[in-house]
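Here are my notes on the model you sent over. Have it open as you read, since the points go strand by strand.

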Amino acid sequence: MIGRRVAAAALLVGVLIGAGFVTGRAASISLTSQTLTPYRTCTLTATPAAATVQIDTTARQGSATTNFGTLTTLTVSSASAANQRTYLRFDLTRCSPAIPATAIIRLATLRLFVSALPAVCRTVDLFRSTATWTEAGLTWNNQPFGAAINNPATASRTGTFDVGTPVGCQNRTANAYVVGGTVTTDVAAFVAGSSTNFGWMLRDDAEGSATARTTTFSAKNLGTAAQGPQLVITYVAFP
Amino acid sequence: MPSWRRLGLVLAIVLSGTVIGAAASLNLTSSTLGANRLATPRCTAANLSVLQNLSGSNVASVTVSGLPAACGGGTLQAAVNNGTANSTGSAAVPAGGGSVIVTLAATVPVSEAAETDIVVVGP
């Protein structure tokens, strides 16, 4: 009798453990997908005219103490004693959700809408501004890079694009956004905190041209959504 | 020991061993899952360009370019969120990669800051 009870108990244990076996199987994980690609893009657009996400203005050598922060256009020009530079800055903290400091910036593109092109192909250089400035206060004389032309040197530019009507020029069409305004390295530095975001300055690669060479962009103050300056940042938040 | 008693003990021991083996097994075939991390698959190395296409003052579609061939055959899903409105869409990635235009189910008004999430599922 006792032996039968022991055997029955042993069988019961076996059944219970068998049930555990089934439970264990149910808890097993099978993951086979490995092609999920999480990308996130923050698009900052300077619209409407009262937008605070971006500031822009033009510094004019020919009116060296005048501020042009309320104009509806931005200008880059190479001309004898009449050079013009564009300054603009985007507030990256407006991205929602915020871009983590650890994010890997895959691509950052500065997009400006060209409304008028020079008749020759000109190179526009982008320089990371090294000091703060304001939309309502910047002039040629007080700009962060100083009043000397062709300063800073081309070698320190962080981006560049060509613009002009001749065949072969990178941006040949008016009334379109320029291509080539890549500022990935700068934005990565801003996000990581290794560089302060004072925005950018755009100037002609060779200021002081005997013949004026001017490129005109739409400014935030134009208030047209389809032409507003943009900064497009694509990143991976969890690499 | 009677045979039926031995049989019960053997049965219990055998089942116990089976249980231990099964409970410890995990069938993980993905090499891309890490603790508190999202998958980091082949597409993430690409410098994708994600641009909004407007219809008036609204985002109607999104152009994603720079897709590597490795993503070809997958489905690209996009979601645009401007903080007050959002919309989604999806499109197939060409076999060789390249560019994809994702039309949103509904337009989203242009705003100062908008987020676009891009996910490639498959192939």
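Which residue stands opposite Trp200(A) in β11(A)? Leu88(A) does. Before the points: this is a predicted model, with local features needing pLDDT of at least 70 and side-chain atom pairs counting only at pLDDT 80 or more, while totals for chains, interfaces and linings use all residues. Residues are numbered from 1 along each chain as its sequence is written, and chains are lettered from A in the order in which they are written.

1. Chain A has 2 helices and 13 strands (DSSP runs, H or I of at least four residues and E of at least two, numbered from the N terminus). Of its 239 residues, 40% count as buried (20 or more other C-beta atoms within 10 Å of the residue's own, C-beta atoms being placed from the backbone).

2. Look at β11(A), residues 200–204: 5 of its 5 residues are buried. Trp200(A), Leu202(A) and Asp204(A) point one way, Met201(A) and Arg203(A) the other. In a regular strand, side chains alternate between the two faces of the sheet.

3. β11(A) pairs antiparallel with β5(A), residues 84–90, over 3 bridges, and runs antiparallel to β8(A), residues 122–128, with 5 bridges (pairing takes at least two DSSP bridges).

Terms used:
Buried ≥ 20, exposed ≤ 12 C-beta atoms within 10 Å, placed from the backbone.
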